[in-house]
Amino acid sequence: WEFNGSFYQPSAFLMMGIPGLEALHHWISIPFCALYLIALLGNCMILFIIKTTQSLHEPMYYFLSMLAVTDLGLVLCTLPTTLGIFWFNMRRIGFDACLTQMYFIHILSFIESSVLLAMAFDRFIAISHPLRHPSILTKTTVMKIGLVIILRGMVSLLPIPFLLKRLTYCRKTELSHSFCFHPDIMNLACADIKVNVFYGMIILLSTVGMDFIFIVLSYILIIKTVIGLATKEECLKALNTCVSHICAVLVFFVPMIGLSMIHRFGKNVPPLVNTLVAYTYLIIPPALNPIIYSIKSSHIREALLRALRRK
């Protein structure tokens, strides 16, 4: 412990695996390894197919590439500490290392939320203004949107590590997960955390919250446009292009909202439920997104089959 008057700061935190199932961690690591492997291989495959297939060099697939890179980042952020606990019971993580992991996990989560909003905007333009779509979302515009998304996440979350470093911590240093999460670290402090709570809520609502609202509005406008189409076949064809994105939105936002609510209001929620929701939030979307897009996108599926035939 570092001591300076009444100021205490732990040199390290202790991470938690799955509470009550510590004896089964080696067996539990098998499905986790499978999910991590699917996420790594699936997202790399998506990136490879989009890069090597000229017909996929369109805004929709540029945004899908951003989603795949973000998912890879989330996997690489949590994989070392999660498997370190399951395989070697390596629970200790340095204070600064924990803040760094937390910062990147939250940045990548915010980036994924913004990319999903950009994809919703792309679908709205493609369905509502199909002839103007190529001129509105040019390659340069897509790159600018990507840069704004990254800067938005980095700048909005930059104060969080400094707000945590200023706090005085109690003797309890055990986290609730196998990764570092802002509300989890914040709740270990003995000091007044009102600033952290207020800033965290403001940032969450003004970024992820607004993204979700605008995604819903985009789909309201898409449905309004689709209803006005001449035939039922055109209607179904237009909606079919959105199915993959709707699945990705639900897979990401439902567990994220659930985890945020549990950390802020679910004081009596069993630790096992908290842990399972956290793993669902950070591991399931990166593993499922490549599968969803490979199954539902005929262009991705056809490009994958061509690549396999060449091999």
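This is a predicted model: local features need pLDDT of at least 70, side-chain atom pairs count only at pLDDT 80 or more; totals for chains, interfaces and linings use all residues.
User: Start with helix 2. What span should it have?
Analyst: Its 30 residues, at 1.5 Å a residue, should span 44 Å. The end C-alpha atoms are 43 Å apart, which agrees. The expected span is 1.5 Å times one less than the number of residues. Helices here are DSSP runs (H or I, at least four residues), strands are E runs of at least two, and both are numbered from the N terminus.

User: Where is the kink in helix 2?
Analyst: At Leu79, shortly before the proline Pro80. The kink is about 40°. The bend at a residue is the angle between axes fitted to the seven residues ending there and the seven starting there.

User: What follows helix 2?
Analyst: Asn89, with a positive phi near 55°. Asn89 is not a glycine. Most residues other than glycine have a negative phi. Asn89 sits in the loop between helix 2 (59-88) and strand 4 (92-94).

User: Asn89: buried or exposed?
Analyst: Exposed, with a relative accessible area of 54%.

User: New topic. Where is Leu175?
Analyst: In the loop between helix 6 (159-165) and helix 7 (182-186). Leu175 is buried, with a relative accessible area of 2%.

User: Which residues does Leu175 contact, leaving aside neighbours within four places in sequence?
Analyst: Among them are Phe13, Leu14, Met15, Met16 and Cys98. Contact means heavy atoms within 4.5 Å.

User: And helix 8? Where is its kink centred?
Analyst: On Leu205, with a kink of about 35°. Helix 8 covers residues 194-227. Its 34 residues should span 50 Å, and its end C-alpha atoms are 47 Å apart, which agrees.

User: Which residues of helix 8 are buried?
Analyst: They include Asn196, Gly200, Asp211 and Tyr219.

User: Last one: which residues of helix 3 meet helix 5?
Analyst: Among them are Tyr103, His106 and Phe110. Their partners in helix 5 include Ile145 and Arg152.

Conventions: Residues are numbered from 1 along each chain as its sequence is written. Side-chain values use heavy atoms; hydrogens and water are left out. Buried means under 20% relative accessible area, exposed over 50%, partly exposed in between (1.4 Å probe, protein chains only).
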